[in-house]
Amino acid sequence: MPAFSASAPGKIILLGEHAVVHGYPAIAVPVTQVQAKAIIQANPSGERGSIHIIAPAIGLDSEFGQLPEQHPLRATIQLTLNTLGISHVPACSLQINSDIPVASGLGSGAAVTVATIRVLSTFLGRSLSDQQVSSLVYEIEKIHHGLPSGIDNSVVTFKRPIYFVRGKPIETLKVLQPFTLVIGNTGIASPTSLTVQDVNRARQENPQWVNSIFDEIARNTQRARDLIENGDPDSIGPLLTDNHQLLSELGVSCKELDRLVQAALESGAAGAKLSGGGRGGNMIALVAPHQVQSVIQALKEAGATATFSTVVKQNSN
Ligand code: PMV
């Protein structure tokens with residue numbers, strides 16, 4: 001009996017996180033060095049309708065129907081079956097592996113959901129368009145995040161650099177000239193839902209102040225888009241660093257992120273910032289290719305628990 005598999009990349013937000021939740025633009029890119037992979041295989045001796053799920057990274061080994069209804073994996077499977085109009089599946093086992101750190105701004109939840117939806121629909125002999133997959137993932141992101149902008153499901157599903165404004169069709173970011181980022185993890189798991197809630201509350205209490213920060217973030221995002229689309233990505237460094245400062249003012253940085261950003265800048269990065277929800281998770285630094293090793297070394301010395309580099313380009317396979 002053949003096994004089917006599907007994978008999905010991680011992602012990072014280059015610019016515009018938090019502001020994007022409130023209708024401002026953001027840029028995100030897929031990161032293929034980290035992946036979620038789902039494998040499904042029929043289980044001829046199993047009972048019809050049984051889906052046995054094994055996800056070693058989160059210590060899960062359970063029958064689908066025994067998970068709580070709001071468990072993201074159960075909800076993903078149920079939503080996929082509802083969309084396909086299928087009520088009973090042939091008995092099968094579904095294994096999910098992911099090397100994307102959880103709650104760290106690298107899109108782990110979205111990647112697991114994309115891989116699961118794709119593998120299940122393929123197993124059932126029905127394919128879904130990227131747009132359908134992205135919309136389903138958005139529904140599951142609501143369980144993870146509460147108030148997601150829709151950027152994570154979009155970049156992870158479409159697997160290309162995007163310029164994203166909530167509620168508008170996604171635009172592909174044209175990366176004329178590849179550029180290199182180093183990614184450093186604080187090792188602190190920080191649920192995005194909490195920082196999104198805090199920013200939301202701050203905006204309700206002081207809309208003028210928060211909107212003025214969002215306006216500046218949006219200007220940086222727009223400038224970065226222009227530079228990247230004009231083949232000059234090496235010039236976006238100061239925009240990244242400025243964005244980190246703006247996110248700090250919003251209260252979503254932390255001393256560990258600040259330390260990694262500082263270490264990257266002092267070791268020669270052209271710009272650096274936190275990426276994603278903040279208060280932990282990952283930061284990114286724009287570097288010339290020959291500086292990758294020295295910036296990684298500096299990040300490790302400043303306390304990064306994991307580091308890697310990625311080249312942002314038009315097509316990532
Ligand atoms: O999933 P994360 O941590 O990369 O956060 C996504 C970015 C936010 O703007 C903070 C939230 C959102 O839904 O856009």
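1. The side chains of Ser 50 and Glu 63 are joined by a polar contact of 3.2 Å; such a contact is a pair of N or O atoms within 3.5 Å, where within protein one must be able to donate a hydrogen and the other to accept it, and residues adjacent in sequence count only if both atoms are side-chain atoms. Ser 50 lies in the loop between β2 (26-42) and β3. Ser 50 counts as buried because its relative accessibility is 15% (buried means under 20% relative accessible area, with a 1.4 Å probe and protein chains only). Not counting residues up to four places away in sequence, Ser 50 touches Glu 63, Val 89, Pro 90, Ala 91 and Cys 92 (contact means heavy atoms within 4.5 Å).

2. On provenance, this is a predicted model, in which local features need pLDDT of at least 70 and side-chain atom pairs count only at pLDDT 80 or more, while totals for chains, interfaces and linings use all residues. Residues are numbered from 1 along each chain as its sequence is written, and side-chain values use heavy atoms, with hydrogens and water left out.

3. The end C-alpha atoms of helix α1 (residues 72-84) are 18 Å apart, which agrees with the 18 Å that its 13 residues should span at 1.5 Å a residue (the expected span is 1.5 Å times one less than the number of residues; helices are DSSP runs of H or I of at least four residues, strands runs of E of at least two, numbered from the N terminus). The buried residues of α1, among them Leu 73, Ile 77 and Leu 84, pack against β3 (51-55), β4 (60-63), β5 (92-98), α2 (108-123) and α3 (130-145). Just after α1, Gly 85 has a positive phi of about 70°.

4. The largest nonpolar core has 71 residues, of which Leu 14, Ile 53, Leu 94, Phe 179 and Ile 236 touch the most other members (a nonpolar core is a set of buried Ala, Val, Leu, Ile, Met, Phe, Trp, Tyr and Cys residues joined through side-chain atoms within 4.5 Å). To this core β2 gives the most, ten residues. A second, separate core of 32 residues includes Ile 217 and Val 287.

5. The largest pocket holds about 780 Å³ of space. Of its 47 lining residues, Ser 108, Gly 109, Ala 110, His 144 and His 145 are the closest to its centre. A pocket is an open set of points on a 1 Å grid over the protein atoms alone, with protein on both sides within 12 Å along at least five of seven lines, and lining residues have an atom within 4 Å of a point; grid points are joined across faces, edges and corners, and a volume is the space filled by probe spheres set on the points. The largest share of the lining, five residues, comes from α2.

Note on methods:
Buried means under 20% relative accessible area, exposed over 50%, partly exposed in between (1.4 Å probe, protein chains only). On a 1 Å grid over the protein atoms alone, a cavity is a set of points where a 1.4 Å probe fits but cannot get out, and a pocket is an open set with protein on both sides within 12 Å along at least five of seven lines; lining residues have an atom within 4 Å of a point.
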